[in-house]
Amino acid sequence: RNKVKKLYGGKDVLGAAYNVTLVNDVVNILREGQPMGSFYGYVEKGYDDKGKIQYVDNNGDGSINALDKTIIGNPNPDFIYGFNSSMSYKGFDLTVFFQGSYGNDLFNLSSVNNTLDYGFGLNMPREVYLNHWTPTNTNAKYPVLSRSVSTLVSDRFVENGSFLRLRNIQLAYNIPVQTWGAKGIRHLQVYASGQNILTFTKYSWWDPEVNSKGGSNSVNQGIDHHTYPTAKSVTIGIRASF
């Protein structure tokens, strides 16, 4: 699981701090015996009687501070995989390629302001309106709507990043030009292909295949900060050889 073996003096190494208005703090850590770039923050324990977020006091000192932070997620997948298949039937050829990742977490930094910054009347997902704290909805997904929201880097923003994506699919038909007696054309094929047409994931934001702050070899992997989603495309064409 790509764990940290040894650090100088055995001391933790904190990742870079990210300032997104509501939050200005580190989101990951290097710690001996823990996976590389583990997400690091507070653990939520519901809401108080006014709908404000509460956090677990891990060290029991009666206050919430940096000493209460703990490992809250792992951006390293258990494994990545792919599956490619080619099939032919009469004059048709079908090729499909699936690719995916399993067992990794994502830190949804994009959602911090986009779901909790109520102060300026910004556009937000519809579910914030439908599922925020009220006296009759105390187990809501989001806290009370307020112009003064206080939030910390927490497990609220850590999500399952596993996904399965149909990376490419192509259906082609080989036109039997030889049986037609066509001269000068050895092969003629028409095809339609699609890229990134389907993605199966539990991740709530735009794209589970994120690379906002670093790739698979980076300490900062798995952080989604307004990553532009992978584009879908459809191509129709003709291939000919003479």
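**View 1. Phe79, a partly exposed ring.** With a relative accessibility of 43%, Phe79 falls in the partly exposed class (buried is under 20% relative accessible area, exposed over 50%, partly exposed in between, using a 1.4 Å probe and protein chains only). Tyr102 is also partly exposed, at 45%. Keep in mind that this is a predicted model, where local features need pLDDT of at least 70, side-chain atom pairs count only at pLDDT 80 or more, and totals for chains, interfaces and linings use all residues. Residues are numbered from 1 along each chain as its sequence is written, and side-chain values use heavy atoms, with hydrogens and water left out.

**View 2. Aromatic pairs.** Rings of Phe, Tyr and Trp (its six-membered ring) pair if their centres lie within 6.5 Å; planes under 30 degrees apart are stacked, over 60 edge-to-face, and the rest tilted. That gives seven aromatic pairs. One of them is Phe79 with Tyr102, stacked at 5.3 Å centre to centre with 25° between the planes. Phe79 sits in strand β9 (residues 79-89) and Tyr102 in strand β10 (residues 92-102), so the pair ties together parts 23 residues apart in sequence. Strands here are DSSP runs of E, at least two residues, numbered from the N terminus.

**View 3. A Phe cluster.** Here Phe39, Phe107 and Phe157 make up one aromatic cluster.

**View 4. Arg239 over Tyr191.** Arg239 lies over the ring face of Tyr191, 3.8 Å from the ring centre. For a charge to sit over a ring, NZ of Lys or CZ of Arg must be within 6 Å of the ring centre and within 35 degrees of the ring normal.

How values were computed. Helices (H or I, at least four residues) and strands (E, at least two) are DSSP runs, numbered from the N terminus.
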